[in-house]
Amino acid sequence: MISEAQKKFIDSSVVNSINTNQQNILNTNNLIYQNKFSNARLQYANINLAKKRAGAIKHRVLNNLDKYLVEFEANFTKRGGKVIWALNSQQAVDEIYTIILKNNYQHIVKSKSVLSEEIELQKYLKTKGIELKETDFIEFIKKGISGDNQFVSDLNAYNKEEIKQYLVQKYGLSKDKSINEIITTISKIKKEIFINSEVGIVEADFIISDIGAVSISENDGDSVLSSSFTKVNIVLASIEKVIPNLADLELFLPLLSTFKTGEKISAYNTILTGPCQEDETDGPTEMYVILIDNNRTEVLSKKEQRKAMSCIQCGACSVSCPIVSLIGNNISASSYKGPIGSVVTPYLKGINEYSHLSYATTLCGKCSEVCPVNIPLHELFLHNRNDFVNKREISINEKLLFWTWKKIILSRNFMNLGSVALKNKVFSMVFSKIWGKKRKLPEFSPKNFNQMWREKSK
């Protein structure tokens, strides 16, 4: 039986696959990224060696994750920071609400955080009567244009005029202003939001074990403002974000920026080590790091799929994916987008609902090729499929279908039976619904390869 998530995925794919305007915009923006990436990668004498080293470090972390997380907690709490362990999204949002409720805070600000989307923080706080103010341009523009449809593609699917029109309408600005002038005006509005906020919520890019700190990379400075102006700073971090040493940032920060935005290094790279100390003038009086599992240990329990937890969420696999370029980036409906999302989302959100994502791939291997930590994504799709088949009950009809198919393709005599017209008719009857209304089924050649080979051999 088809799941609700699969139905939405198929419906969205049908609409987006024939949206040539969106595809042209996506392809143009992806080309811009590729050009920037080509320049940024020149900073490496041997980029493959850098990827190999990064992959080895993350592999070591995953094999000793408990050790590094405990070490991080011990070092972070020494300076007055507090670590909260959240097994699932419900525990995470409950803990955040408890922190807010403790001092009856009313003004909450959030910078870019895909993890907050995963745990549905904004939706949860809204039910408690608390407004969570979003400061990330991309997120509120995307949601403003597309509404609450979680299956729309990313901001790259919209052109500048659509973005400008939304910003003008949202803030009541003059249509005569350029988009850069509009963004400057909005930056001033955002600054006021930060100054008046009491709680700031950010997401860690890396957790540094040996010094007990979190690292955040960004180009807009929202996380810096959030951690400087607010009384309470809450950092969301999924458990796999650990790196062993501060020195490892020398490798990971340039890799993240190169593969994420095609830049040599992000504009703002911040290391947060805890709340404001006695000899410091800026910073929050309280700082919390919420370590979120949310079924990641399920992925880590897999012999092969655990490699996916090495991901540093750069998004390079999405840019290179032919499926994403056709139907958009938000195909996984989770915080992990694109091919990496198709691998891990079934385990994070449920196999019965999301197993279809591991079949939404051409298996071309481009995603594996571009991954900065050498995750073999195209191989993990196949491991997922194998697990899904082994776990679910297969009907008698399906078993009979595949038994028949196996017998046919293993026998040359069976393969040569019937006329081309008959084969096309049977093929159409079986596969036309699966193939889709918008695509024309391929037809059998008048002569198959076996026949042509025999003629050539004569």
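Tutor: Helices (H or I, at least four residues) and strands (E, at least two) are DSSP runs, numbered from the N terminus. This is a predicted model, in which local features need pLDDT of at least 70, side-chain atom pairs count only at pLDDT 80 or more, and totals for chains, interfaces and linings use all residues. Residues are numbered from 1 along each chain as its sequence is written, and side-chain values use heavy atoms, with hydrogens and water left out.

Student: Which residues make the nonpolar surface patch?

Tutor: Patches are made of residues with over 30% relative accessible area and no salt bridge; like charges are joined within 9 Å, and nonpolar side chains (Val, Leu, Ile, Met, Phe, Trp, Tyr) within 5 Å. A salt bridge is a side-chain nitrogen of Lys or Arg within 4 Å of a carboxyl oxygen of Asp or Glu. Areas come from the Shrake-Rupley method with a 1.4 Å probe; for residues, only the protein chains shown count as cover. Here L401, F402, W405, I408, I409, L410, F414, M415 and L417 form a nonpolar patch of about 920 Å². Two or more of its residues come from each of α20 (396-409) and α21 (412-416), and α20 gives the largest share, five residues.

Student: Is M415 buried, exposed or partly exposed, and where does M415 lie?

Tutor: Buried means under 20% relative accessible area, exposed over 50%, and partly exposed in between (1.4 Å probe, protein chains only). M415 lies in helix α21 and is partly exposed, because its relative accessibility is 33%.

Student: Which residues other than glycine have a positive phi, among them E120?

Tutor: Phi of E120 is near 55°, and E120 sits in the loop between α6 (114-118) and α7 (121-127). Q313, also not a glycine, has a positive phi of about 55°; its loop runs between α13 (296-300) and α14 (316-320).
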